[in-house]
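Work through the exercises below with the sequence and the structure at hand. Each task is followed by a solution in steps.

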Amino acid sequence: MTQSEELRNKLLQARDARWQLIAELDEGDGCLVMISSNMPGEQKHRADGIVAWAEAELKKRIQAKTLKTIQDAAGRAVFMKTPLKPTEAKKAGVGLEELYPFCRLLDIDIYFGGKAFGRAEAGMSKRQCLICTENAADCIRTGRHTYEESVSAAEKLIREFDPSF
């Protein structure tokens with residue numbers, strides 16, 4: 001097994017474990033919020049500081065309470081609960097994702113009633129690419145940018161957040 005295959009398997013295992021945790025935590029009143037990063041490359045932990053910053057911001061902005069924090073192959077993930085309705089929570093999450101350029105590395109997902117509540121459900125535009133202004137999903141699917149370009153763009157954003165990187 002190559003190193004990239006090993007990493008891919010670890011990322012898939014992390015995703016499966018996160019979905020299991022989402023199913024366990026998405027109960028009761030309010031919405032479940034998961035903060036993670038969309039950091040490209042192998043060093044997902046490089047964006048952990050931005051995820052921690054977002055956790056503090058959401059505590060203030062939407063009265064979210066932290067339920068659990070995990071660290072896995074995909075980096076840091078914080079699971080929170082907020083009393084807001086899904087549309088309000090998603091709009092607050094997207095507002096934070098777009099607040100500063102480094103926030104582009106954030107991925108703030110909302111879950112309600114066992115389902116993901118995305119930008120489309122909240123009537124919002126799709127996420128922009130880290131490198132260009134096109135739809136991020138289209139750039140990823142078509143391979144519009146190289147792996148190196150994506151990692152470089154992300155590292156530039158991390159340095160903006162924390163110049164010591």
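A residue counts as buried under 20% relative accessible area, as exposed over 50%, and as partly exposed in between. The model used here is predicted.

**Exercise 1.** Find where Gln 63 lies, and decide whether Gln 63 is buried, partly exposed or exposed.

Solution. Step one is the place: Gln 63 sits in the loop between α2 and β2 (65-72). Step two is the accessibility: the relative value for Gln 63 is 47%, so the residue counts as partly exposed. Step three is the backbone: phi of Gln 63 is near 50°, which is a positive value in a residue other than glycine.

**Exercise 2.** Describe the ring pair of Phe 102 and Phe 161.

Solution. A pair of aromatic rings is described by the distance of the centres and the angle of the planes. Five aromatic pairs are counted in the model. For Phe 102 and Phe 161, the ring centres are 4.9 Å apart and the planes stand at 55°, so this pair is tilted. The cut-offs behind this step are under 30 degrees for stacked and over 60 for edge-to-face, with the rest tilted. Next, locate both residues: Phe 102 is in the loop between α3 (86-97) and β4 (106-112), while Phe 161 is in helix α5 (residues 147-161), so the pair ties together parts that are 59 residues apart in sequence. Then compare accessibility: Phe 102 is buried at 9%, whereas Phe 161 is partly exposed at 26%. Last, both belong to one aromatic cluster, formed by Trp 53, Tyr 100, Phe 102 and Phe 161.

**Exercise 3.** Which residues of α3 are buried, and how are they arranged around the helix axis?

Solution. Start with the length: α3 has 12 residues and spans 16 Å from its first C-alpha to its last, close to the 16 Å expected. The buried residues of α3 are Pro 86, Ala 89, Lys 90, Gly 93, Val 94, Leu 96 and Glu 97. Viewed down the axis of α3, they fall within an arc of 160°, so they line one face of the helix. Among the elements that cover them are β1 (31-37), α2 (48-62), β3 (75-82), β4 and β5 (115-117).

**Exercise 4.** Which side chain of opposite charge is nearest to Asp 109?

Solution. Asp 109 is found in strand β4. The nearest side chain of opposite charge is Lys 90, at 4.3 Å. A salt bridge needs a distance within 4 Å. Asp 109 is thus buried yet has no salt bridge. Leaving aside neighbours within four places in sequence, Asp 109 is in contact with Leu 32, Val 33, Met 34 and Lys 90.

Note on methods:
Residues are numbered from 1 along each chain as its sequence is written. This is a predicted model: local features need pLDDT of at least 70, side-chain atom pairs count only at pLDDT 80 or more; totals for chains, interfaces and linings use all residues. Side-chain values use heavy atoms; hydrogens and water are left out. Rings of Phe, Tyr and Trp (its six-membered ring) pair if their centres lie within 6.5 Å; planes under 30 degrees apart count as stacked, over 60 as edge-to-face and the rest as tilted. Helices (H or I, at least four residues) and strands (E, at least two) are DSSP runs, numbered from the N terminus. Buried means under 20% relative accessible area, exposed over 50%, partly exposed in between (1.4 Å probe, protein chains only). The expected span of a helix is 1.5 Å times one less than its number of residues. The arc is that of the directions from the helix axis to the C-beta atoms. Contact means heavy atoms within 4.5 Å. Lys and Arg count as positive and Asp and Glu as negative; His and the chain ends are not counted.
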